[in-house]
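Thanks for coming, everyone. Please bring up the sequence and the structure.

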Amino acid sequence: MSNNTNMVPESYPMNGGDGSNSYTKNSYFQRAGTNAMKAIIDDVIAEKLDVEKQISSSKSTLRIADLGCSVGPNTFIAMQNIIDAVQQKYQSHGFASHMPEFQVFFNDHTSSDFNTLFASLPPERPYFATGVPGSFHGRLFPDFSLDFVHSSFALQWLSKVPEELLNKNSAAWNKGRVHYASAPDEVAQAYTAQFAKDITTFLDGRAKELVVGGLMVLIMPGIPNGIPHSSSATGLMFDFLGHCLMDMAKEGLISEVQVDSFNLPIYVASPKEMTLLVERNGCFSIERMEITQPWARVDDLSGQACTMHLRAGMEGIISKHFGIEIIDELFDRYCKKHGEIIGLLESKLNEGNQLFIVLKRI
């Protein structure tokens with residue numbers, strides 16, 4: 001069995017449990033993305049899933065993996081949607097008597113809160129559930145063992161912060177900033193290069209694990225082709241977070257050295273970038289790729305709602321670097337200043353902020 005054990009990526013767990021600051025209670029932006037894509041995924045399965053091949057292979061189980069599943073409940077919604085669509089295709093083609101059993105693999109880093117995930121599994125689920133700890137920036141499953149791969153709001157996380165960002169002698173040293181959105185070109189280029197390495201490794205692994213004809217649905221933050229990174233909604237939010245940290249440094253609550261050495265390992269890709277990486281891999285056909293606007297459906301873009309969303313995803317990595325004691329102060333500042341960017345943020349959300357991709361193993 002082949003297994004990539006050389007790469008040990010950084011781990012960036014979401015807030016576990018089900019408390020007021022947990023990812024479970026504050027992941028409605030991601031849920032909006034999942035809900036917005038349901039009809040499109042239904043169409044993809046209806047058009048692209050080869051059930052006759054599944055039946056002729058005498059496989060009695062259809063295996064689905066959700067990579068970067070976090071702690072729920074969004075992963076359960078997504079998996080149920082996929083299974084419903086597969087069952088509908090079998091029934092509509094007269095193959096109800098050949099309906100497979102379903103096995104779902106829930107994957108995330110070993111530091112993810114699998115206890116909360118398993119405790120909240122739907123009791124009447126139509127599938128066998130399995131946890132798979134480990135990074136998707138490497139092999140996770142045996143050769144040709146998966147029929148369907150899903151990943152939502154996970155691939156934007158880099159396996160590590162580009163090393164150049166922390167080198168004071170490098171043109172990519174990201175002094176006074178925590179992201180690349182408004183940074184010099186050298187910083188953005190370092191992020192782009194790391195993202196390309198990570199996606200290459202991701203695609204290489206999935207190419208070995210998916211059966212020929214298997215489908216992969218990827219949902220991630222995205223930016224339209226030709227739009228500057230500084231104009232993305234995600235970049236705007238992270239720049240604003242960086243400003244709050246710098247304000248705290250100027251007041252002596254943290255040090256500027258701490259801010260200079262902190263960079264968010266998140267990259268927002270364009271369709272053009274992903275197309276080039278998929279084509280370079282050569283093992284997948286691009287069945288669909290588009291920028292969508294799911295956050296336009298989110299009713300609550302208030303400072304409190306956006307802050308809770310950001311805190312649920314970022315508290316772990318921020319507290320690991322700066323200490324847990326600054327978290328309340330940081331996000332209180334972010335919430336109070338949110339009004340300064342809400343108009344601009346809403347306009348960016350209307351431009352499209354999510355990349356939806358369907359690949360087929362060839």
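First, a term for what follows. A crossing is right-handed if the near helix is turned clockwise from the far one by less than a right angle, and left-handed if it is turned anticlockwise. One caution too: this is a predicted model.

Now to helix α6, residues 233–250. Start with α6 and α9. Helix α9 covers residues 303–322. The axes of α6 and α9 come within 13 Å and cross at roughly 45°. Which hand does the crossing of α6 and α9 have? It is right-handed.

Look at who touches whom. From α6 come Met 237, Phe 238, Leu 241 and Leu 245. From α9 come His 309, Leu 310, Met 314, Ile 318 and Phe 322. Sort the residues of this contact by class, and you get 8 nonpolar, 1 polar and no charged.

Stay on α6, and turn to helix α10, residues 327–337. Here the axes come within 10 Å. They cross at roughly 120°. So α6 and α10 are oblique to each other. α6 passes α10 in a right-handed crossing.

On the α6 side, the contact uses Met 237, Phe 240, Leu 241, Cys 244, Leu 245, Asp 247 and Met 248. On the α10 side, find Glu 329, Leu 330, Phe 331, Arg 333, Tyr 334 and Lys 337. How many nonpolar, polar and charged residues does the contact of α6 with α10 have? There are 9 nonpolar, no polar and 4 charged.

Next pair: α5 and α8. Helix α5 spans residues 185–209, and helix α8 spans residues 271–281. They pack at an angle of about 45°, with their axes 10 Å apart. α5 and α8 are therefore oblique to each other. Again, α5 passes α8 in a right-handed crossing.

In α5, pick out Thr 192, Phe 195, Ala 196, Ile 199, Thr 200, Leu 203 and Asp 204. They meet Glu 273, Met 274, Leu 277, Val 278 and Asn 281 in α8. This contact divides into 7 nonpolar, 3 polar and 2 charged residues.

Last topic: cavities. The structure holds 3 cavities of 30 Å³ or more.

Note on methods:
Residues are numbered from 1 along each chain as its sequence is written. This is a predicted model: local features need pLDDT of at least 70, side-chain atom pairs count only at pLDDT 80 or more; totals for chains, interfaces and linings use all residues. Side-chain values use heavy atoms; hydrogens and water are left out. Axes are lines fitted to C-alpha atoms, for helices over the stretch in contact, and angles run from 0 to 180 degrees between N-to-C directions. Helices (H or I, at least four residues) and strands (E, at least two) are DSSP runs, numbered from the N terminus. Angles under 35 degrees count as roughly parallel, over 145 as roughly antiparallel, 65 to 115 as roughly perpendicular and the rest as oblique. Contact means heavy atoms within 4.5 Å. Ala, Val, Leu, Ile, Met, Phe, Trp, Tyr, Cys and Pro count as nonpolar, Asp, Glu, Lys and Arg as charged, and the others, Gly among them, as polar. On a 1 Å grid over the protein atoms alone, a cavity is a set of points where a 1.4 Å probe fits but cannot get out, and a pocket is an open set with protein on both sides within 12 Å along at least five of seven lines; lining residues have an atom within 4 Å of a point. Grid points are joined across faces, edges and corners, and a volume is the space filled by probe spheres set on the points.
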